[in-house]
Amino acid sequence: MKKLLIAAASLAALSGGIVHAQSDETPSEEEAAQNPPDPRLIAEELRAKARRIPRRNLAAALRAASDERDDRARTISRRPDLEALREDLRRTEAEDEERNVSAIRDLSSQTFAAAPREARPPPPGIRAVSAERLRSADAEEVARARIPVLLPAELRDRMKIYGMENVYTATARIDAEARLLISGTCNRVVGGDPDVVAFRKRIAQQPRRLEGTRASYQMSRNDFGVDLSFSKFGCGYVMTVECGDPGADPRCAADDYVTGLAQSMILANPELAGGE
């Protein structure tokens, strides 16, 4: 089992209840292959990072709970809502079939010269793609996770995935100036510091929803980039985009990039829902 997957953070569920999400700090692909990190050093780095982030931010609340600053908090392991997962997959499959039929109809009624094909953004929603079809993913790591492993469709072939039974973490280098981390778990944190409990209650009362995935979500920013936390299938997910210059890079300074990633997701372990 990879030792990179060690740092946990609790996620406030936006549809009632409290969902727990994981986040970790991982090195580059080359460094990870040559020098496996010491889990103790990673944990210490995350604790130091949490102390630098203002308490009012979502990231601070998540890391405060995972740091066990209040021993009244407890973690409950939950199972994902697989029927809701299957329903989402059926919906996007029907949308894709309708889109394909429409495209064929349009082509049959037109005559045109060949032109360069423009890259189209992936359609919104959640679609099943087996881990064996992903270029950078280790299928064995994905298989260890018994929760929905969701990945941004746009970066699907760049993701490195590390899985455990009730949690997974995935990372990808976007380019020289930015990287993505996404973690998910079905654990739920109950109780804890009264301020953190009140915080989770406030954000649960006014959830926003992502178009396409229809997931409740919240946004927060820190010294390193932007976090988008969302709740889906009874599980919690945290997607983090880190930038070399968070204030100037629009991928971290604005909402459009990270919400765009979260609009179109793939399910890397469709066997969990009885597919592939």
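To start with, is Cys235 buried or exposed?

Modeller: Cys235 is buried, because its relative accessibility is 0%; buried means under 20% relative accessible area, exposed over 50%, and partly exposed in between, with a 1.4 Å probe and protein chains only. Before going on, keep in mind that this is a predicted model, where local features need pLDDT of at least 70, side-chain atom pairs count only at pLDDT 80 or more, and totals for chains, interfaces and linings use all residues. Residues are numbered from 1 along each chain as its sequence is written, and side-chain values use heavy atoms, with hydrogens and water left out.

Now, the partner of Cys235 is Cys186, with the two sulfur atoms 1.9 Å apart, and a disulfide here is a pair of cysteine sulfur atoms within 2.5 Å. This bond ties together distant parts of the chain, 49 residues apart: Cys186 sits in the loop between β8 (178–185) and β9 (188–190), while Cys235 belongs to strand β13 (residues 235–243). Strands are DSSP runs of E with at least two residues, numbered from the N terminus. Cys186 is buried too, at a relative accessible area of 0%.

The structure holds two disulfides, so let's turn to the one between Cys243 and Cys252, where S to S is 2.0 Å. The torsion about that S-S bond is about 90 degrees, so the disulfide of Cys243 and Cys252 is right-handed. Cys243 counts as buried at 9% relative accessibility, and Cys252 is buried at 1%. Counting bonded cysteines along the chain, the pattern reads 1-2, 3-4.

Definitions and conventions
Helices (H or I, at least four residues) and strands (E, at least two) are DSSP runs, numbered from the N terminus.
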